[in-house]
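Let's walk through this structure together, from the overall fold down to a few single residues. Please keep the viewer open as you read.

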Amino acid sequence: MASVWPALFRSSGATGLFSFYLYPMLQKLIHPYRGLSKEIWFLALATLVNRAGAMVIPFLSLYLTRYLGFSMGQVGWIMSCYGLGSVVGVYFGGKLSDHLGYYRVMLGSLFTTGLVFIGLQYVESFYGFCAGIFFLTLVADAFRPAIWVALDDYSKDENRTRSVTLIRLAINLGFSLGPALGGLIITYISYKGLFWVDGISCLVAGGIIYKSLFQKSEVASKEEKARRSAFSPYKDRQYLVFWLAMFFIGFTFMQYFSTIPLYYNQILGISEDGIGLMLAMNGFLIFLLEMPIVHYLEKGKLEDLQIVIAGTFLLFLSFVVLNLAPWIGIAVLGLVLMSFGEMLGFPFSNSYALDRSRKGNQGAYMAMYSMSFSFAHILGPNTGLQLSEKFGFATTWYFMGAICLIACIILFAIYKKRSA
């Protein structure tokens, strides 16, 4: 430190502060992002624009009950159609990525989703909205496996996990901006404005991909497709077991966006804006720390599955600590543990799935990976809410913790078998 002071005195004001303090800090933050291809950056930009425009979904329940006058039961059925559309869309998105190429699927998904979003505002009947939301999520979630296949094509082996992390950062930042912007649009324009902005943002994201990206690898020939068909993820036993573990992880993770906000409100007495700030802390931690953590772990000796196991164990701890005491400090600790578990678990599980997909159909493999979270979205929130209503929150947290431990055991078994 002593050598710094003379240099500081030689520097003037803000220039010296930037040169000796802020610039090195900025360099450390930027360093993990170096080496990523320009295609990955454009893909992240398109994802950010698309996700920042996803404003209808967070306010969908309010729109359906307050604006269209649907009952809670009807909203429940609509949300089920949302989940089912996601499952079907992810499945066909993976299939089409293998047969038509990820570039066409991404473009088709974004442009069609934009038009459907704009048209959905004119649907006001219950059955019409069920059909509309099913078709919307079908075409929208076809984008998910395609983007992961594109990411693998645009990345090198040594920076693929960091590429995954950059896309995740774009998704998290978009989801953080979306609800805030959506609230302003509802307040100053109307609910209808959400559909227009969502639709236009999809069209803009499609435009970014159309102008900036291309299909880098060639679409497989008929002979190559026939050869790949022997490597179906549905016949890959190790991958099926891995999928089950990811479903369990997604099943418990969904509680943080369904059951746990109710716990914050009903047991801890936290208001809606306080809950929003706590959940925003999750996005802020991921935005700030995930890339440096992934960059550090990429250079280490730990394998992907070992890191996913560690992340899942942190997720387990995040539920167990909630039963220590009904105190906001404990709730914050649980949220921080969950955030670090997410930072470790999701990028490296995605990287493992991409590695495994190189046996054959990348689109089918990544679709199946995404479907684990689609099924978790259908079953996780409802199960957590039902358990909490009948047996209380404490029982629910122990149950979710047990599911996390089961996922850890499954992943450890896969790791031991692979390393044997």
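This is a predicted model: local features need pLDDT of at least 70, side-chain atom pairs count only at pLDDT 80 or more; totals for chains, interfaces and linings use all residues.

Residues are numbered from 1 along each chain as its sequence is written, and side-chain values use heavy atoms, with hydrogens and water left out.

The protein holds 18 helices and 0 strands, where helices (H or I, at least four residues) and strands (E, at least two) are DSSP runs numbered from the N terminus. Of its 420 residues, 52% count as buried; that term means under 20% relative accessible area, with exposed being over 50% and partly exposed in between (1.4 Å probe, protein chains only). Take the contacts (heavy atoms within 4.5 Å) between residues at least 6 apart in sequence: 85% of them join residues at least 24 apart.

Now look inside. A search of the whole structure turns up 1 cavity of 30 Å³ or more, and the largest cavity has a volume of about 60 Å³. Here a cavity is a set of points on a 1 Å grid over the protein atoms alone where a 1.4 Å probe fits but cannot get out, and lining residues have an atom within 4 Å of a point. Grid points are joined across faces, edges and corners, and the volume is the space filled by probe spheres set on the points. Helices H12 (237–253), H15 (304–320) and H16 (328–357) each give two or more residues to the lining of the largest cavity, and H16 supplies the largest share, 5 residues.

Thr312 is one of the lining residues of that cavity, and it lies in helix H15. Is Thr312 buried or exposed? Thr312 counts as buried because its relative accessibility is 2%. Leaving aside neighbours within four places in sequence, Thr312 is in contact with Ile249, Cys404, Ala407, Cys408 and Leu411.

Further along, Ala413 sits in helix H18 (residues 393–419). Ala413 has 45% relative accessibility, so it counts as partly exposed. Between Ala413 and Val241 there are 9.5 Å in space, C-alpha to C-alpha, although they are 172 residues apart in sequence.

Finally, find Leu177 in helix H9 (residues 160–188). Leu177 is partly exposed because its relative accessible area is 38%.

Conventions:
On a 1 Å grid over the protein atoms alone, a cavity is a set of points where a 1.4 Å probe fits but cannot get out, and a pocket is an open set with protein on both sides within 12 Å along at least five of seven lines; lining residues have an atom within 4 Å of a point.
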